[in-house]
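Q: I have a model open and want to go through it with you. Can we start with the surface and work inwards?

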Amino acid sequence: MARPFYVTTPIYYVNDVPHLGTAYTTIVADALRRYERLRGRDARMLTGTDEHGQKIERAATAQNQSPIAFVDQVSARFREAWPKLLVEADDFIRTTEPRHEKLVQSIWERVAKKGDIYLGEHEGLYCFGCEEFKTEKELLPGNVCPLHQRPTERLKEPTYLFKLKDYEQELLDFYDAHPGFIQPETRRNEVIAFVKGGLRDLSVSRTSFSWGVPVPGDPKHVMYVWFDALANYWTALGEQQSKYWEPNGEVVHLVGKDILRFHAVYWPAFLMSAGLPLPTKVFAHGFLTIDGQKMSKSLRNAVDPVRLAETEEIGGPDGLRYQLLRYVAFGQDGDFDHRAMIERYNADLGKNLGNLLSRTLGLCAKLAGNKVPSYQPTDLEHEFEKQAHALIQSAANAWTELAPHRALEETLALSSLANQYVDRAAPWAEAKKGNQARVDTTLALLLETLRVLSVLVWPAIPRKADALRAQLALAPIAPRVGNDSWPTKLAFDRAGQALGAASALFPTVDKDGEKALLERLQPKTEGAPAAPAAVPGHPSAVPAVATIPYEQFAAVDLRVGLVKTATKVPKKDKLLQLEVDLGEEKPRTIIAGLALSFAPEQLVGQRVIVVANLAPRDFGKGLVSHGMLLAAGPSEALQLATAPDTAAPGAKLK
Ligand code: MSP
């Protein structure tokens, strides 16, 4: 029997929320696990959250929370989001769990025992305001911290270093001996070139903050967050390591291309040093854009995968999974386009698969007493079977090759084949001629093809696959270890069985429905072609929005703010950095997209309206905004919402 299969997603940072990028990997992992389960393998999926490090510590502070309270809260959002996308992970690991901390320390000890860790120094530019080392890229000329507007200092901190350099050759030998270890091929070549370019020893501990796993024997140090995080794949298995990890299990790490180096260079080197087997495969996928735009933080927030999964008009969670699995080539960059999503839903799921089901059941009700009829094939059916078997096989090959997009292409090709076949076999015409044997054969073939399709689509659209099966009076799919339930051939063993009740599986969306969906779903962020363009001077062109209860409005804390200082943000031509007095102990830093409409000095002294209880927004490079100003108009001609000079800073708007 095939060995156990263990698929992992990266563990996600808790200074972000689940977004379409992280949903993507998680859905692919779930689909692969489901496919392997169908094949009778013992398949396990792991996901989780990466909760240590200075960035997380600071995000917690920004929200006035202790790190642990903060990570508990955000980690829960991930844990709750995935099942809504029909993801059934077998385990969810958090790096703050004792089961992880204990075992990651054991890996450290093994590496230290091997003599691969030594105490050295980490030298860098340190900002005392931020309490962190900065890279030169993050700083202004003169190595000035953009947030604190004062020079950073060159500082040395003691750090443990891992002898990564010593593993150069061993890594190259391993890649050579295991050509499938890094995929796709182009990524493999990049990693090999990187290692051949020479590795440097890696700093693996920090002393300047404490939110991390203590280094065994020297608790002033906490582990570098990647040493801690990468180990999750192994620590999460606990007692099950001997079953799912190499050499007994096949271990597949799915990662985004941005974090491939950590997984394909550092992680294997740590494992080699610890004397542990390496994973089987690291597969790097591409980056998604949304409606052609890079996923900025605001776009990530605006396009919520859970909201998409709740949109039943386009198939709910199954619909979302289908789009991501079928229309992003796994391994390449892809675009998630809202309009295309609706068109593809209509074409593939509505008019192809959904229509095959409804026309078959309609014909069965009319011409075969709503039962599975008997099968007496002719050349037409033999030809169909041959083609169907080839498609079933190539769909299986594609899943095995980690190419869900191709697997679904082959699967939908089978559905198209059946739709073409029914047109050729024309059972309605045969019925008129009184040729019941032909009618029966045609319907039997269609019903069996639909049964097969329900299995083939299950890894991608499990809920709809079971709904399809219910209409055929078949039990939901429940894979069993050791039992390969992937069809190899069409099987005609259900003659005489009754069929279930028919209903539209994927009702198509008409033009009006499409318009309404786009208005609801497309992000209304700057630059998105989403909302219908407002006619200047005609505010009535603003689309109507759903009403909210008063409590929802009351939850928004609007305050009068007095702008104390305003400066341009280097290299960001739309942004200004403001210090705004809200009657609090210290003025707040607010980053506002006002630079195309105002010179900084025009703003100083203005009384503005501030959304004061918005979660801080991180613009990167140390820029964090702690509020938002209200304004109206296009971004190059904004008008500020202001308060009269008599309003006190901090006054609440009601
Ligand atoms: N915590 C680390 C991973 C540690 S694994 C031992 C991390 N977390 S992350 O939350 O920042 O990112 C997780 C994943 O999201 C990465 O694989 C990254 O490639 C992916 N994506 C982030 N933006 C993405 C897109 N726009 N498109 C597709 N995936 C994207 O890195």
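A: The protein chain exposes about 29000 Å², and carbon and sulfur atoms supply 52% of that. Accessible areas here come from the Shrake-Rupley method with a 1.4 Å probe, and for residues only the protein chains shown count as cover. This is a predicted model, where local features need pLDDT of at least 70 and side-chain atom pairs count only at pLDDT 80 or more, while totals for chains, interfaces and linings use all residues. Residues are numbered from 1 along each chain as its sequence is written, and side-chain values use heavy atoms, with hydrogens and water left out.

Q: What does the C-alpha trace span along its principal axes, and how many helices and strands are there?
A: The trace spans about 90 × 70 × 40 Å. The chain has 22 helices and 28 strands, taken as DSSP runs (helices H or I, at least four residues; strands E, at least two) and numbered from the N terminus.

Q: How much of the chain is buried?
A: Of the 654 residues, 54% are buried, meaning under 20% relative accessible area with a 1.4 Å probe and protein chains only.

Q: And what share of the contacts is between residues 24 or more positions apart?
A: Among contacts with a separation of 6 or more, 74% are between residues 24 or more positions apart. A contact means heavy atoms within 4.5 Å.

Q: Switching to the ligand. Which residues come nearest?
A: There are 22 residues around the ligand, and Ile-11, Asp-50, Gly-256, Asp-258 and Leu-288 come nearest. A residue counts as near if one of its heavy atoms lies within 4 Å.

Q: Which elements supply that shell?
A: Strand S2 (12-13) and helices H1 (20-38), H7 (225-230) and H8 (232-235) each supply at least two residues. The largest share, 3 residues, comes from H7.

Q: How much of the ligand does the protein bury?
A: The protein buries 91% of the 670 Å² that the ligand exposes when taken alone.

Q: Different region. Is Asn-419 buried or exposed?
A: Asn-419 is buried, at 10% relative accessible area. Its place is in helix H16.

Q: Which residues does Asn-419 touch, leaving aside neighbours within four places in sequence?
A: Lys-351, Asn-352, Asn-355, Leu-356 and Arg-359. The side chains of Asn-419 and Arg-359 are joined by a polar contact of 2.9 Å, that is, a pair of N or O atoms within 3.5 Å; within protein, one must be able to donate a hydrogen and the other to accept it, and residues adjacent in sequence count only if both atoms are side-chain atoms.

Q: What about Val-452, buried or exposed?
A: Val-452 is buried, with a relative accessible area of 0%, and is found in helix H18 (residues 436-456).

Q: Last one: what do the buried residues of H19 pack against?
A: They pack against H1, H13 (316-327), H14 (338-367) and H18. Just after H19, Ala-473 takes a positive phi of about 60°.

Methods: Buried means under 20% relative accessible area, exposed over 50%, partly exposed in between (1.4 Å probe, protein chains only).
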